[in-house]
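The points are grouped by topic.

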Amino acid sequence: MNASQARQALPELCEVLRACVAEGASVGFVDADDSETLNAFWQSRIASIARKETQLLVAREAGVVVATVMTGYSGMPNGRHRAEISKLLVHPQARRQGIARRLMQQAEALALARGCLLLVLDTRSGDVASQLYLSLGWQVAGTIPFYAASGSGQLEATTLMYKKVGWLADRE
């Protein structure tokens, strides 16, 4: 989606995020009912999309957004070879259909087409998404304890992951 399309889909984007947070997803938010914060998040991401710092991919079912993933690009000269994958969100009613896998594969391909050879992400340690990432060839770089608060206020660890793509994939 470009920024204009994302603005038009803002209610749908907020709903996917809200539903995932309500189901306990650790994606930076703790209150699924805080619509002001969820909306402000998407507004900031739309601005980033407009500046070409972020790409947003979505999946739709019956014309409605049911999943998202974002790829963020480094603006620093020493980091132009890497991208960060974030907000892989699949509405709970659309899960277990391979949507997340397809979005991740497309995000990786777009990053590679833009010249990014190293992809990074973080995920709550032990989260079900970790298995998806590992099955797609991502590697664990390490964990950080007490990284993020859950909806219940518990401090949880995050796992940092990376994936080498393109010609870098064959290098140690």
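A residue is termed buried when its relative accessible area is under 20%, exposed when that value is over 50%, and partly exposed in between. F41, at 15% relative accessibility, therefore counts as buried. The model is a predicted one. The points below cover its nonpolar cores, its aromatic pairs, its salt bridges and a nonpolar surface patch.

**Nonpolar cores**

- In soluble globular proteins, nonpolar side chains tend to be buried together.
- The largest nonpolar core has 27 residues, of which V69, L88, L103, M104, Y133 and W138 touch the most other members.
- Two or more residues of this core come from each of β1 (54-61), β2 (64-73), β3 (82-90), α4 (99-113), β4 (118-124) and α5 (128-135).
- The largest contribution to this core is that of α4, which gives six residues.
- When neighbours within four places in sequence are set aside, L103 is in contact with L57, V58, A59, A67, T68, V69 and L88.
- Another core, of 22 residues, lies apart from this one and includes C20, I49, L56 and M70.

**Aromatic pairs**

- The structure holds three aromatic pairs.
- F29 and F41 form an edge-to-face pair, with 5.3 Å between ring centres and 80 degrees between the planes.
- This pair links distant parts of the chain, since F29 lies in the loop between α2 (10-22) and α3 (35-50), while F41 lies in helix α3, twelve residues apart.
- F29 has a relative accessibility of 14% and so counts as buried, and F41 is likewise buried, at 15%.
- The ring centres of Y133 and W138 are 6.3 Å apart and their planes stand at 55 degrees, so this pair is tilted.
- Y133 is buried, at 7% relative accessibility, and W138 is buried with a relative accessible area of 2%.
- F29, F41 and W42 are linked into a cluster by ring pairs.

**Salt bridges**

- Side chains of opposite charge can pair when their charged atoms come close.
- The count of salt bridges in the model comes to six.
- R18 and E15 meet in a salt bridge with an N to O distance of 2.8 Å; both residues lie in helix α2, three residues apart, which is about one turn of the helix.
- R18 is partly exposed, with a relative accessible area of 30%, and E15 is partly exposed, with a value of 30%.
- R51 and E53 form a salt bridge with an N to O distance of 2.9 Å.
- R51 counts as partly exposed at 49% relative accessibility, as does E53 at 33%.
- R124 and D127 form a salt bridge in which the closest N and O atoms are 3.2 Å apart.
- R124 is buried, at 17% relative accessibility, whereas D127 is partly exposed, with a relative accessible area of 21%.
- A network of salt bridges links R124, D127 and E156.

**Nonpolar surface patch**

- I144, Y147 and L160 make a nonpolar surface patch of about 250 Å².
- I144 is located in strand β5 (residues 139-149).
- With a relative accessible area of 32%, I144 is partly exposed.

Note on methods:
Residues are numbered from 1 along each chain as its sequence is written. This is a predicted model: local features need pLDDT of at least 70, side-chain atom pairs count only at pLDDT 80 or more; totals for chains, interfaces and linings use all residues. Side-chain values use heavy atoms; hydrogens and water are left out. Patches are made of residues with over 30% relative accessible area and no salt bridge: like charges are joined within 9 Å, nonpolar side chains (Val, Leu, Ile, Met, Phe, Trp, Tyr) within 5 Å. Accessible areas come from the Shrake-Rupley method with a 1.4 Å probe; for residues, only the protein chains shown count as cover. A salt bridge is a side-chain nitrogen of Lys or Arg within 4 Å of a carboxyl oxygen of Asp or Glu. Helices (H or I, at least four residues) and strands (E, at least two) are DSSP runs, numbered from the N terminus. Buried means under 20% relative accessible area, exposed over 50%, partly exposed in between (1.4 Å probe, protein chains only). A nonpolar core is a set of buried Ala, Val, Leu, Ile, Met, Phe, Trp, Tyr and Cys residues joined through side-chain atoms within 4.5 Å. Contact means heavy atoms within 4.5 Å. Rings of Phe, Tyr and Trp (its six-membered ring) pair if their centres lie within 6.5 Å; planes under 30 degrees apart count as stacked, over 60 as edge-to-face and the rest as tilted.
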